[in-house]
Amino acid sequence: MIRRQRLAAGVCALLAALTAGLAVPSTAVADETEQAAPKVELVLDVSGSMRTRDIDGGSRMSAAKQAFNEVLDATPKEVQLGIRTLGANYRGNDRITGCKDTAQLYPVGPLDRTEAKTAVATLAPTGWTPIGPALQKAAADLDGGDGTRRIVLISDGEDTCQPLDPCEVAREIAAKGIGLTIDTLGLVPDAKTRDQLSCIADATGGTYTDVRHKEELSDRVGQLVDRAADPVVTPVATEGANECAKAPSLKSGLYTDRAEFGQQRWYKVDVNPGQELRASVSVADDRAVNPNYGVLLRAVTVHDREIVRGEAAGTGRTDMISTGLRYPKPESDDDTATDTAETVCLQVTNSFSAAAGVKTSPGLPLELTVDVVDGPSKASDVASFGLGRGWWLLGALVLAGFIAGLLWGWLSRWRVAVWRTN
């Protein structure tokens, strides 16, 4: 019995060794490209409610100042940082004037820590909460350049300048396709404040965080500023057409667009013989939508013949739905044929519908990934019956099993011969 267990263990070890020896990890070398300096603007609510003393025994304003000083000390050199305030200057009761009360405390650019800290020290809780106007101005402060752009909004209350809905402002900013992300932090927020700040962040692909302690505020703001320095792939803004003939021609890359509810968007990609087109699309529901929706991605010829499709359906449990497709264009077997590129039309269709009272403009955020790569040796059999390039591993395992079987049979016969002799 012990010999059998040892023999079985030895066979398993042999199989593992053969598999490990044949498996070669693939490595990919990314091209290092110089990116523009990342830009961050901290937008701070300095309205009268920031006097409230409910954060570790101190006021919300003092917690924000401490967090800003710590973040300014730790800001990476490559990050260009600015500070904008809302509700910091006007003390009166005139709503029109109060809703214009937003100012740039420190301009976006190379950071002078002493100057920035001095500016923060002068702040005192004052007036209104014009979040929408402040976001519009902050987006303008960060306009220009190709680097990462991020707004970090810190507030303890709802916008007081309705009907300018800050969620709609955030959607309009995202619809410009400038790659700007808004992260929001709520200081001891109530339910309405939490919902509004979450909506602002969701509209641009940002994050929302509840804050109830000084350390939480400092740590989270620091993380968001550091994140801006991380290298990212910035999507290219494009605008799909309502038919293939007028669609923009795309190369390999990441693209953003906006799709109205139930709208078709068309794009074109050239694929040479022997190449493979890989495309995927994601549509985000950045506002309240009715359940049961879907997205369809089709690859068709210029003559409207469908080549391949990908589709997905949702029921409202997620805030994004994605699908993709692959199309390998085979090389011609005719030596006299000319290998010309084929124009493939990509059609994106969604079946979202807006909930009652929800604005449908701007459209839903759409992200399209296009990748044209060298296809497999036989483009007509790209899947290899579902195994792809896993055939070599299957063959290795079959061979290892055959060798293990021969070894087991030889050892068994040898043991029987020894037993008969004894």
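**Ground rules.** I number residues from 1 along each chain as its sequence is written, and my side-chain values use heavy atoms, with hydrogens and water left out. Since the model is predicted, I asked for pLDDT of at least 70 for local features and 80 or more for side-chain atom pairs, while totals for chains, interfaces and linings use all residues.

**Entry 1: disulfides.** I searched the whole structure for disulfides (a pair of cysteine sulfur atoms within 2.5 Å) and found three. Counting bonded cysteines along the chain, I noted the pattern 1-2, 3-4, 5-6.

I looked at C99 and C161, where the S to S distance is 2.0 Å. The link is left-handed, with -105° about the S-S bond. C99 sits in the loop between α3 (95–98) and β3 (102–109), and C161 in the loop between β4 (149–155) and α6, so the pair ties together parts that are 62 residues apart in sequence. Helices (H or I, at least four residues) and strands (E, at least two) are DSSP runs here, numbered from the N terminus. Both C99 and C161 are buried; buried means under 20% relative accessible area, exposed over 50%, and partly exposed in between, with a 1.4 Å probe and protein chains only.

I then took C167 and C199, whose sulfur atoms are 2.3 Å apart. C167 counts as buried at 6% relative accessibility, and C199 is buried at 17%.

C244 and C345 have their sulfur atoms 1.8 Å apart. The torsion about their S-S bond is about -60°, so I logged this disulfide as left-handed. C244 lies in the loop between β7 and β8 and C345 in strand β14, 101 residues apart. Both C244 and C345 are buried.

**Entry 2: helix α6.** I went back to α6 (residues 166–175) and found seven of its 10 residues buried. They are P166, C167, E168, V169, A170, R171 and I173. Their cover includes α5 (131–141), β5 (180–187), α7 (191–203) and β8 (253–259); I took contact as heavy atoms within 4.5 Å.

At the N-terminal end, D165 caps the helix, with a side-chain oxygen 3.0 Å from the backbone nitrogen of C167. After the helix comes G177, whose phi is positive, near 70°.

Which residue's side chain makes a polar contact with the side chain of E168? R171 does, at 2.7 Å. I count a polar contact as a pair of N or O atoms within 3.5 Å; within protein, one must be able to donate a hydrogen and the other to accept it, and residues adjacent in sequence count only if both atoms are side-chain atoms. E168 is buried at 11% relative accessible area. Leaving aside its neighbours within four places in sequence, E168 is in contact with K359 and S361.

**Entry 3: the four-strand sheet.** I traced an open sheet in the order β9-β14-β11-β12, with antiparallel pairing; strands pair if DSSP finds at least two bridges between them. Its edge strands, β9 and β12 (306–314), each pair on one side only.

Strand β9 (residues 264–271) has six of its eight residues buried. β9 pairs with β14 (residues 342–350) over eight bridges, and R265 stands opposite V348. β11 is joined to β14 by six bridges, and here L297 stands opposite V348.

**Entry 4: the five-strand sheet.** I found a second open sheet, ordered β7-β8-β15-β10-β13, with mixed pairing. Its edge strands are β7 (236–237) and β13 (320–328). Strand β10 (residues 275–284) runs antiparallel to β15 over nine bridges, with Q275 opposite D374.

**Entry 5: one aromatic pair.** I found one aromatic pair in the structure. Y293 and F352 are stacked, 4.4 Å centre to centre with 20° between the planes. My cut-offs: rings of Phe, Tyr and Trp (its six-membered ring) pair if their centres lie within 6.5 Å; planes under 30 degrees apart count as stacked, over 60 as edge-to-face and the rest as tilted. Both Y293 and F352 are buried.

**Entry 6: P231.** Is P231 buried or exposed? P231 is exposed, at 69% relative accessible area, and lies in the loop between α8 (214–228) and β7. I also noted 9.1 Å between the C-alpha atoms of P231 and P38, which are 193 residues apart along the chain.
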